Amino acid sequence: MGRVLRETLKPSTSSVSATTTSTSVTETVNGSHQFKITGYSLSKGSGIGKYIASDTFMVGGYLWAIYFYPDGKSPEDNAAYISLFIALASEGTDVRALFELTLLDQSGKERHKVHSHFGRTLESGPYTLKYRGSMWGYKRFFKRMLLEQSDYLKDDCLSVHCSVGVVMSHTEGPKIFSIAVPPSNIGHHFGQLLESGKQTDVSFEVDGEFFPAHKLVLAARSPVFRAQLFGPMKDHNTKQIEVEDMEAPVFKALLHFIYWDSLPDMEELTGLTSKWAFTLMSQHLLAAADRYGLDRLRLMCEANLCEVVAINTVATTLALAEQHHCFRLKAVCLKFVAMPENLRAVMQTDGFEYLKQSCPSVLTELLEYVARVNEHPVIVCRHGNEAILDGSDANGRRVKQRL
């Protein structure tokens with residue numbers, strides 16, 4: 001009989017076991033907000049539990065707001081203390097965060113009153129806010145009688161600084177490579193195409209000036225140009241088109257955005273450095289953006305105009321916002337005009353006369369804003385369409401659901 005040979009397999013001594021690693025990183029995403037409270041003496045007597053709220057601000061992907069109670073938050077304190085809280089103002093569950101509330105010393109001595117989680121070890125870890133409307137703060141932040149004799153109150157004004165550190169965790173794996181990818185420069189390439197003047201196939205006459213361009217670029221960027229140049233109702237002469245009711249610098253800025261995907265230097269374009277010239281150019285460019293269906297440009301102009309609202313231009317900006325359906329810009333303008341210190345001055349401008357003639361319906365909305373300001377000159381008690389209510393224990397740490 002033949003023999004059966006059995007081979008015994010042995011593990012290779014040259015094989016190397018692979019080891020992988022990962023790291024869990026827990027850190028805070030930090031942000032801050034400064035809240036100025038003017039007319040402190042007028043806010044007193046509004047009632048225990050009544051608060052003045054800051055505008056909302058974003059930190060760590062969540063909205064937050066500061067709540068100041070001039071008569072205190074708790075009935076048992078009989079308005080002897082002011083209360084100060086920070087609240088979660090957006091949807092969220094079990095949001096963990098560190099907080100710091102600071103009442104600023106306005107004498108220049110920097111003897112601020114600070115309550116902070118930062119820079120110290122917390123036995124129970126960061127504070128957890130369970131849901132929208134949850135708060136952290138102090139019912140007895142400061143005795144009111146001492147506050148009114150202190151350097152924290154100056155010219156009937158208080159200033160509060162709030163810092164929030166939202167706790168975030170993520171896991172990092174090994175990085176095999178790292179290649180720096182430059183940002184897109186397609187706008188730069190198209191911009192150079194416009195500046196070169198090469199291969200242009202259409203020219204626009206605007207207020208006596210001529211602007212060569214490329215039909216395909218315009219059609220790709222603007223539905224209005226697409227219809228005008230290639231649609232069934234296109235112009236008979238698509239080689240040279242006259243643009244009416246627009247100034248040459250505005251059309252030049254419009255073309256700059258279409259090719260570069262950014263706003264031009266307004267000072268360089270207009271030759272003026274004043275804030276008024278910037279506002280006027282932004283107004284005209286917003287109207288042009290709406291005319292040619294350039295939504296991103298319209299929003300950029302709307303954002304710029306929100307930043308430069310002023311007595312002498314707000315009425316014309318408000319009329320523009322109404323005519324071009326810029327609802328956020330309209331709200332900013334109405335709020336500005338309705339302020340008692342601004343209303344009379346705005347009504348004396350030529351722009352207000354234009355507003356009355358061109359958009360009379362806006363005056364009704366303005367009266368409603370004015371009435372609202374006069375009815376609640378200091379106390380703000382709503383965010384969006386929902387009121388946020390809460391309660392807390394003796395230490396000011398328990399919260400109650402919103403309505």
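This is a predicted model: local features need pLDDT of at least 70, side-chain atom pairs count only at pLDDT 80 or more; totals for chains, interfaces and linings use all residues.
I began with helix H6 (residues 248–260), which lies across S11, S12 and S13 and runs at about 10° to S12. Contact here means heavy atoms within 4.5 Å. Helices (H or I, at least four residues) and strands (E, at least two) are DSSP runs, numbered from the N terminus. Axes are lines fitted to C-alpha atoms, for helices over the stretch in contact, with angles from 0 to 180 degrees between N-to-C directions.

Residues are numbered from 1 along each chain as its sequence is written, and side-chain values use heavy atoms, with hydrogens and water left out.

Next I looked up the sheet. I found an open sheet of 3 strands in the order S12-S11-S13, with mixed pairing; strands pair if DSSP finds at least two bridges between them. Its edge strands are S12 (209–213) and S13 (240–243). Neighbouring strands are turned by 25° against each other on average, direction ignored. S11 (residues 202–206) pairs with S13 in the parallel sense over 4 bridges, and Glu205 has Glu242 of S13 as its bridge partner.

Then I turned to the packing. The largest nonpolar core has 57 residues, and Phe204, Leu218, Phe225, Phe251 and Leu254 touch the most other members. Such a core is a set of buried Ala, Val, Leu, Ile, Met, Phe, Trp, Tyr and Cys residues joined through side-chain atoms within 4.5 Å, buried being under 20% relative accessible area (1.4 Å probe, protein chains only). H6 gives the most to this core, with 9 residues.

Technical notes: Buried means under 20% relative accessible area, exposed over 50%, partly exposed in between (1.4 Å probe, protein chains only).
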